[in-house]
Amino acid sequence: MQFSKASFIYFSATGTTRKIVRAVKNALPVSKTDYNLLRKPVEQDIQIASDNLLVAAMPVYNGRIPALASESLKRMKGQGTPAIAIVVYGNREYDDALLEVKTMLEEQGFFVLGCGAFIARHSIFPNVANERPDADDLAQVSAFTQKCVEKLAGMVSPDGYAAPAVKGNIPFMPLKTVPMKPSSGDDCDFCGICEKICPTKAIAITEDEIITDPDQCISCGACITVCPIETRQYRGADYEKFKGKFTARFGARKENETYL
Ligand SMILES: Cc1cc2nc3c(=O)[nH]c(=O)nc-3n(C[C@H](O)[C@H](O)[C@H](O)COP(=O)(O)O)c2cc1C
(Lines give C-alpha, C1' and ligand atoms only; values in the text may rest on other atoms or scores of the structure.)
Protein backbone atom coordinates (compact mmCIF):
# COMPACT_ATOMS: atom_id res chain seq x y z
CA MET A 1 0.00 0.00 0.00
CA GLN A 2 1.14 3.55 -0.73
CA PHE A 3 0.10 6.93 0.64
CA SER A 4 0.14 10.27 -1.11
CA LYS A 5 -0.38 12.73 1.77
CA ALA A 6 0.14 12.88 5.51
CA SER A 7 -1.97 14.68 8.13
CA PHE A 8 -0.66 15.54 11.58
CA ILE A 9 -2.76 16.15 14.65
CA TYR A 10 -0.92 17.19 17.79
CA PHE A 11 -1.11 19.26 20.95
CA SER A 12 2.14 20.80 22.12
CA ALA A 13 2.07 23.47 24.82
CA THR A 14 5.81 23.67 25.44
CA GLY A 15 7.07 22.57 22.04
CA THR A 16 8.55 19.12 22.63
CA THR A 17 5.73 17.14 21.01
CA ARG A 18 6.05 19.54 18.11
CA LYS A 19 9.77 18.72 17.83
CA ILE A 20 8.92 15.01 17.59
CA VAL A 21 6.27 15.80 14.97
CA ARG A 22 8.83 17.78 12.99
CA ALA A 23 11.19 14.77 12.97
CA VAL A 24 8.35 12.56 11.67
CA LYS A 25 7.52 15.15 9.00
CA ASN A 26 11.15 15.31 7.87
CA ALA A 27 11.09 11.55 7.30
CA LEU A 28 7.96 11.72 5.09
CA PRO A 29 8.51 13.23 1.64
CA VAL A 30 4.82 13.84 0.84
CA SER A 31 2.49 16.84 1.10
CA LYS A 32 1.30 17.54 4.62
CA THR A 33 -1.69 18.95 6.47
CA ASP A 34 -1.34 20.21 10.02
CA TYR A 35 -3.87 20.19 12.87
CA ASN A 36 -1.97 22.07 15.58
CA LEU A 37 -4.37 21.95 18.52
CA LEU A 38 -2.64 24.70 20.49
CA ARG A 39 -3.62 27.06 17.67
CA LYS A 40 -7.08 25.70 17.00
CA PRO A 41 -9.17 22.76 18.22
CA VAL A 42 -10.79 20.51 15.61
CA GLU A 43 -14.52 21.10 15.99
CA GLN A 44 -15.92 19.38 12.91
CA ASP A 45 -15.40 15.80 11.76
CA ILE A 46 -12.50 15.45 9.31
CA GLN A 47 -12.45 12.55 6.87
CA ILE A 48 -8.98 11.19 6.17
CA ALA A 49 -9.00 9.14 2.95
CA SER A 50 -7.53 5.66 2.80
CA ASP A 51 -4.58 6.78 0.64
CA ASN A 52 -3.48 9.25 3.35
CA LEU A 53 -1.50 8.68 6.53
CA LEU A 54 -2.55 10.20 9.88
CA VAL A 55 0.05 10.90 12.55
CA ALA A 56 -1.41 11.59 16.01
CA ALA A 57 1.10 12.88 18.57
CA MET A 58 0.08 13.89 22.09
CA PRO A 59 1.82 14.70 25.37
CA VAL A 60 1.17 12.55 28.41
CA TYR A 61 -0.69 14.30 31.25
CA ASN A 62 -1.06 12.12 34.35
CA GLY A 63 -0.82 8.94 32.35
CA ARG A 64 -3.45 9.94 29.81
CA ILE A 65 -3.61 12.40 26.93
CA PRO A 66 -5.08 15.83 27.75
CA ALA A 67 -8.88 15.88 27.53
CA LEU A 68 -8.83 18.82 25.12
CA ALA A 69 -6.58 16.81 22.80
CA SER A 70 -8.84 13.76 22.81
CA GLU A 71 -11.85 15.99 22.07
CA SER A 72 -10.18 17.00 18.81
CA LEU A 73 -8.69 13.59 18.05
CA LYS A 74 -12.21 12.15 18.20
CA ARG A 75 -13.05 14.26 15.13
CA MET A 76 -10.58 12.46 12.87
CA LYS A 77 -12.37 9.79 10.86
CA GLY A 78 -10.49 7.18 8.88
CA GLN A 79 -11.69 5.01 6.03
CA GLY A 80 -9.37 2.06 6.49
CA THR A 81 -6.61 4.69 6.71
CA PRO A 82 -3.10 3.98 8.04
CA ALA A 83 -2.01 5.86 11.15
CA ILE A 84 0.92 6.28 13.53
CA ALA A 85 0.30 6.80 17.28
CA ILE A 86 2.82 8.79 19.30
CA VAL A 87 2.96 10.03 22.88
CA VAL A 88 5.61 12.27 24.37
CA TYR A 89 6.31 12.15 28.09
CA GLY A 90 8.53 13.67 30.73
CA ASN A 91 10.62 10.67 31.79
CA ARG A 92 8.20 9.41 34.48
CA GLU A 93 5.76 7.04 32.71
CA TYR A 94 3.28 7.06 29.87
CA ASP A 95 0.88 4.66 31.63
CA ASP A 96 -2.28 4.31 29.47
CA ALA A 97 -1.69 7.26 27.12
CA LEU A 98 -0.27 5.38 24.13
CA LEU A 99 -2.97 2.73 24.34
CA GLU A 100 -5.53 5.55 24.54
CA VAL A 101 -4.31 7.13 21.28
CA LYS A 102 -4.06 3.75 19.55
CA THR A 103 -7.54 2.67 20.71
CA MET A 104 -9.12 5.94 19.64
CA LEU A 105 -7.57 5.68 16.18
CA GLU A 106 -8.75 2.10 15.75
CA GLU A 107 -12.28 2.96 16.87
CA GLN A 108 -12.38 5.78 14.33
CA GLY A 109 -11.51 3.81 11.20
CA PHE A 110 -7.71 3.78 11.21
CA PHE A 111 -5.28 0.88 11.33
CA VAL A 112 -2.18 1.62 13.37
CA LEU A 113 1.15 0.82 11.74
CA GLY A 114 3.32 1.67 14.71
CA CYS A 115 3.24 3.28 18.13
CA GLY A 116 5.97 5.25 19.84
CA ALA A 117 6.48 6.70 23.32
CA PHE A 118 9.23 9.31 23.21
CA ILE A 119 10.87 11.15 26.08
CA ALA A 120 11.10 14.93 26.38
CA ARG A 121 11.77 17.63 28.93
CA HIS A 122 9.17 17.56 31.68
CA SER A 123 7.07 20.67 31.22
CA ILE A 124 6.34 21.12 34.95
CA PHE A 125 9.78 20.04 36.21
CA PRO A 126 12.05 21.10 33.35
CA ASN A 127 15.24 19.90 34.99
CA VAL A 128 13.96 16.36 34.32
CA ALA A 129 14.99 15.19 30.81
CA ASN A 130 16.01 18.79 30.21
CA GLU A 131 17.92 18.32 26.95
CA ARG A 132 15.44 15.96 25.36
CA PRO A 133 14.49 15.15 22.74
CA ASP A 134 18.19 15.15 21.79
CA ALA A 135 19.78 14.30 18.43
CA ASP A 136 19.74 10.60 19.24
CA ASP A 137 16.01 10.72 20.13
CA LEU A 138 15.22 12.51 16.87
CA ALA A 139 17.21 9.92 14.90
CA GLN A 140 15.11 7.24 16.62
CA VAL A 141 11.90 9.06 15.64
CA SER A 142 13.10 9.18 12.05
CA ALA A 143 14.03 5.46 12.01
CA PHE A 144 10.67 4.56 13.59
CA THR A 145 8.80 6.58 10.94
CA GLN A 146 10.72 4.91 8.14
CA LYS A 147 9.90 1.47 9.54
CA CYS A 148 6.19 2.38 9.63
CA VAL A 149 6.38 3.45 5.99
CA GLU A 150 8.19 0.24 4.99
CA LYS A 151 5.57 -1.79 6.81
CA LEU A 152 2.81 -0.05 4.86
CA ALA A 153 4.68 -0.54 1.57
CA GLY A 154 4.82 -4.28 2.28
CA MET A 155 1.04 -4.53 2.78
CA VAL A 156 -1.52 -5.27 0.09
CA SER A 157 -4.57 -4.29 2.16
CA PRO A 158 -5.44 -3.69 5.83
CA ASP A 159 -7.68 -6.79 5.86
CA GLY A 160 -6.65 -9.11 8.66
CA TYR A 161 -3.96 -6.69 9.85
CA ALA A 162 -3.04 -6.96 13.54
CA ALA A 163 -1.63 -3.78 15.09
CA PRO A 164 1.20 -4.11 17.62
CA ALA A 165 0.12 -4.61 21.24
CA VAL A 166 1.17 -1.71 23.46
CA LYS A 167 1.55 -1.20 27.19
CA GLY A 168 -1.47 0.12 29.11
CA ASN A 169 -4.77 -0.91 30.64
CA ILE A 170 -8.43 -0.67 29.71
CA PRO A 171 -10.36 0.91 31.38
CA PHE A 172 -7.87 3.76 31.28
CA MET A 173 -6.78 5.37 34.51
CA PRO A 174 -9.02 8.30 35.52
CA LEU A 175 -8.28 11.77 34.14
CA LYS A 176 -6.54 13.89 36.76
CA THR A 177 -5.16 17.41 37.00
CA VAL A 178 -2.14 18.65 38.91
CA PRO A 179 -2.45 21.22 41.71
CA MET A 180 0.50 23.31 40.46
CA LYS A 181 -0.53 26.30 38.33
CA PRO A 182 1.76 28.90 36.72
CA SER A 183 1.59 32.49 37.90
CA SER A 184 3.11 35.83 36.90
CA GLY A 185 5.59 37.83 39.00
CA ASP A 186 5.44 41.49 39.99
CA ASP A 187 7.37 42.42 36.85
CA CYS A 188 4.48 41.28 34.59
CA ASP A 189 3.71 44.11 32.17
CA PHE A 190 0.29 42.71 31.17
CA CYS A 191 1.29 42.30 27.51
CA GLY A 192 -1.46 39.71 27.07
CA ILE A 193 0.52 37.11 25.12
CA CYS A 194 -0.15 34.42 27.74
CA GLU A 195 -3.85 35.22 27.75
CA LYS A 196 -3.97 34.77 23.95
CA ILE A 197 -2.12 31.43 23.85
CA CYS A 198 -3.94 29.77 26.77
CA PRO A 199 -5.89 26.86 25.21
CA THR A 200 -8.47 26.79 28.01
CA LYS A 201 -8.98 30.56 28.39
CA ALA A 202 -7.87 30.33 32.02
CA ILE A 203 -6.04 33.68 32.05
CA ALA A 204 -7.80 37.03 32.36
CA ILE A 205 -5.89 40.31 32.20
CA THR A 206 -7.15 43.72 33.26
CA GLU A 207 -5.12 46.92 33.17
CA ASP A 208 -3.22 46.06 36.32
CA GLU A 209 -4.14 42.50 37.22
CA ILE A 210 -3.56 39.03 35.82
CA ILE A 211 -5.83 36.30 37.10
CA THR A 212 -5.46 32.56 36.45
CA ASP A 213 -8.57 30.47 37.02
CA PRO A 214 -7.24 27.32 38.73
CA ASP A 215 -10.27 25.30 37.65
CA GLN A 216 -9.75 26.13 33.98
CA CYS A 217 -5.93 25.92 33.93
CA ILE A 218 -4.61 22.49 32.85
CA SER A 219 -1.00 23.39 33.78
CA CYS A 220 0.09 22.82 30.17
CA GLY A 221 2.79 25.51 30.34
CA ALA A 222 1.98 27.26 27.05
CA CYS A 223 1.84 30.59 28.93
CA ILE A 224 5.31 29.99 30.41
CA THR A 225 6.75 29.15 27.01
CA VAL A 226 5.50 32.33 25.32
CA CYS A 227 6.16 34.82 28.13
CA PRO A 228 8.64 37.31 26.60
CA ILE A 229 10.05 38.37 29.98
CA GLU A 230 9.99 34.89 31.58
CA THR A 231 7.93 36.04 34.53
CA ARG A 232 5.30 33.36 33.98
CA GLN A 233 6.45 30.37 36.05
CA TYR A 234 5.65 27.78 38.64
CA ARG A 235 6.42 29.26 42.05
CA GLY A 236 6.21 28.65 45.75
CA ALA A 237 7.72 26.51 48.47
CA ASP A 238 5.42 23.54 47.77
CA TYR A 239 6.40 23.54 44.10
CA GLU A 240 10.12 23.72 44.90
CA LYS A 241 9.81 20.90 47.42
CA PHE A 242 7.87 18.68 45.02
CA LYS A 243 10.29 19.48 42.21
CA GLY A 244 13.21 18.26 44.34
CA LYS A 245 11.43 15.02 45.19
CA PHE A 246 10.26 14.44 41.61
CA THR A 247 13.73 15.04 40.20
CA ALA A 248 15.33 12.64 42.67
CA ARG A 249 12.78 9.96 41.80
CA PHE A 250 12.47 10.36 38.02
CA GLY A 251 15.68 12.13 36.98
CA ALA A 252 17.53 9.06 35.65
CA ARG A 253 17.53 8.78 31.87
CA LYS A 254 14.92 6.50 30.34
CA GLU A 255 14.80 5.28 26.76
CA ASN A 256 12.14 5.65 24.09
CA GLU A 257 9.86 2.72 23.35
CA THR A 258 8.48 1.82 19.96
CA TYR A 259 6.02 -0.87 18.87
CA LEU A 260 5.91 -2.10 15.29
C1 LIG B 1 -0.37 18.41 33.57
C2 LIG B 1 0.81 17.60 33.17
C3 LIG B 1 0.89 16.26 33.51
C4 LIG B 1 1.99 15.48 33.12
N5 LIG B 1 2.00 14.15 33.41
C6 LIG B 1 3.06 13.38 33.02
C7 LIG B 1 3.07 11.98 33.27
O8 LIG B 1 2.12 11.39 33.76
N9 LIG B 1 4.21 11.30 32.95
C10 LIG B 1 5.30 11.90 32.41
O11 LIG B 1 6.31 11.24 32.22
N12 LIG B 1 5.28 13.22 32.07
C13 LIG B 1 4.18 13.97 32.36
N14 LIG B 1 4.14 15.30 32.02
C15 LIG B 1 5.23 15.87 31.22
C16 LIG B 1 4.86 15.98 29.74
O17 LIG B 1 4.29 14.79 29.27
C18 LIG B 1 6.10 16.29 28.90
O19 LIG B 1 6.81 17.35 29.43
C20 LIG B 1 5.79 16.56 27.44
O21 LIG B 1 7.01 16.58 26.77
C22 LIG B 1 5.07 17.88 27.23
O23 LIG B 1 4.84 18.08 25.86
P24 LIG B 1 4.86 19.52 25.14
O25 LIG B 1 6.27 20.06 25.27
O26 LIG B 1 4.51 19.22 23.75
O27 LIG B 1 3.88 20.38 25.86
C28 LIG B 1 3.06 16.09 32.40
C29 LIG B 1 2.98 17.44 32.07
C30 LIG B 1 1.87 18.19 32.43
C31 LIG B 1 1.80 19.62 32.02
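Reply: The account below begins with the domain interface and then turns to contacts and backbone features elsewhere in the chain.

The model is predicted: local features need pLDDT of at least 70, side-chain atom pairs count only at pLDDT 80 or more, and totals for chains, interfaces and linings use all residues. Residues are numbered from 1 along each chain as its sequence is written, and side-chain values use heavy atoms, with hydrogens and water left out.

The chain is divided into domain 1, covering 5–172 + 255–259, and domain 2, covering 183–233; these bounds come from an automatic or database domain assignment. Taken over C-alpha atoms, the centres of domain 1 and domain 2 are 28 Å apart. At the interface, eight residues of domain 1 are in contact with nine residues of domain 2, where contact means heavy atoms within 4.5 Å.

Between domain 1 and domain 2, about 630 Å² is buried, and carbon and sulfur atoms give 71% of that area. Buried area is the accessible area (1.4 Å probe) that two parts lose on being put together, summed over both. On the side of domain 1, the residues that lose the most area to domain 2 are Ala 13, Leu 38 and Leu 68, which together account for 51% of what that side buries. The residues of domain 1 that touch domain 2 comprise six nonpolar, two polar and no charged. In this scheme Ala, Val, Leu, Ile, Met, Phe, Trp, Tyr, Cys and Pro count as nonpolar, Asp, Glu, Lys and Arg as charged, and the others, Gly among them, as polar.

Between domain 1 and domain 2 there are zero salt bridges, a salt bridge being a side-chain nitrogen of Lys or Arg within 4 Å of a carboxyl oxygen of Asp or Glu. The interface also has zero residue pairs in polar contact, with both residues at pLDDT 80 or more. A polar contact is a pair of N or O atoms within 3.5 Å; within protein, one must be able to donate a hydrogen and the other to accept it, and residues adjacent in sequence count only if both atoms are side-chain atoms.

Elsewhere, such pairs do occur. The count of salt bridges comes to 12; one of them joins Glu 106 and Lys 102, whose closest N and O atoms are 4.0 Å apart. Glu 106 and Lys 102 are four residues apart in helix 3 (residues 97–107), so about one helical turn separates them. Helices (H or I, at least four residues) and strands (E, at least two) are DSSP runs, numbered from the N terminus. In strand 3 (residues 46–48) lies Gln 47, whose side chain makes a polar contact of 3.1 Å with the side chain of Gln 79.

Aromatic pairs number eight. Rings of Phe, Tyr and Trp (its six-membered ring) pair if their centres lie within 6.5 Å; planes under 30 degrees apart count as stacked, over 60 as edge-to-face and the rest as tilted. The rings of Phe 111 and Tyr 161 have centres 5.4 Å apart and planes at 65°, so this pair is edge-to-face.

Most residues other than glycine have a negative phi, and most peptide bonds are trans. Arg 132 and Pro 133 are joined by a cis peptide bond with omega of about 5°, and Pro 133 is in the loop between strand 7 and helix 4. The bond from Ile 170 to Pro 171 is cis, with omega near 0°. Asn 62, although not a glycine, has a positive phi of about 50°.
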